[in-house]
Amino acid sequence: MSHTTQPAPGDELEPPSGKRKPSLGCLGISLLVGFIALFGGCCAAGMIFLISAGMRHSDAYRLAMQDAELSPCVVQSLGLPLKAGWFINGGMRTTNAEGSADLDFSVSGPKNAGRMHVVATRLEGTWYLQVLNVRVGGERINILPEPSGCD
């Protein structure tokens, strides 16, 4: 007579294939890590969007876009209206009535697209553009101090 023992309550039997089933603990940890990564990525993307939106509403950005739209060379190359891309590289620093900005972003018009570079300083509450150019292909259009002739 053969004698078999019953497993104690709570003991798990191995499946006949010899492979263990993944436990709910591993699945739960994997889901938690995935959720944290997704949440962290969304937070980072949101912060980048908010920072770019803040720069887009700055006087230095608006002044640069206004001057670019008034440049005959930029208008000839890109067309009007100009539209800036969503993501802005660079940074701004302001303290009371002083500050600085160094921005780089994509800009496009009906004819073409390029990248705008802006360097500005804020003194006594007023922004002054020091560098303003647009790169279209291999060509750089300098808008400041005096526009040069268009090629």
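Me: Contact here means heavy atoms within 4.5 Å. What does S77 touch on that definition?

Reply: S77 touches K111, N112, V136 and I141, leaving aside residues up to four places away in sequence. The model is a predicted one, in which local features need pLDDT of at least 70, side-chain atom pairs count only at pLDDT 80 or more, and totals for chains, interfaces and linings use all residues. Residues are numbered from 1 along each chain as its sequence is written, and side-chain values use heavy atoms, with hydrogens and water left out.

Me: Why is S77 called buried?

Reply: Buried means under 20% relative accessible area (exposed is over 50%, partly exposed in between; 1.4 Å probe, protein chains only). S77 has a relative accessible area of 16%, so S77 counts as buried. Its place is in helix 3 (residues 72-78). Of the 151 residues of the protein, 25% count as buried.

Me: What makes up the secondary structure of the protein?

Reply: Helices (H or I, at least four residues) and strands (E, at least two) are DSSP runs, numbered from the N terminus. The protein has three helices and five strands, in the order α-α-α-β-β-β-β-β from the N terminus on.

Me: What makes strand 1 and strand 5 edge strands?

Reply: The five strands form an open antiparallel sheet in the order 1-2-3-4-5. Strand 1 (83-95) and strand 5 (139-142) each have a single partner strand, so one side of each is left without a neighbour in the sheet. Neighbouring strands of this sheet are turned by 15° against each other on average, direction ignored; axes are lines fitted to C-alpha atoms, for helices over the stretch in contact, and angles run from 0 to 180 degrees between N-to-C directions.

Me: Which strands does helix 2 touch?

Reply: Helix 2 (residues 59-69) packs on the sheet and touches strand 1, strand 2 (98-108), strand 3 and strand 4. The direction of helix 2 makes about 50° with that of strand 4.

Me: Why are the buried residues of helix 2 said to line one face?

Reply: A60, Y61, A64, M65 and A68 are buried in helix 2. Seen down the axis, the buried residues fall within an arc of 130° (taken from the directions from the helix axis to the C-beta atoms), so they line one face of the helix. An α-helix has 3.6 residues a turn, so residues three or four places apart point the same way.

Methods. Two strands pair if DSSP finds at least two bridges between them.
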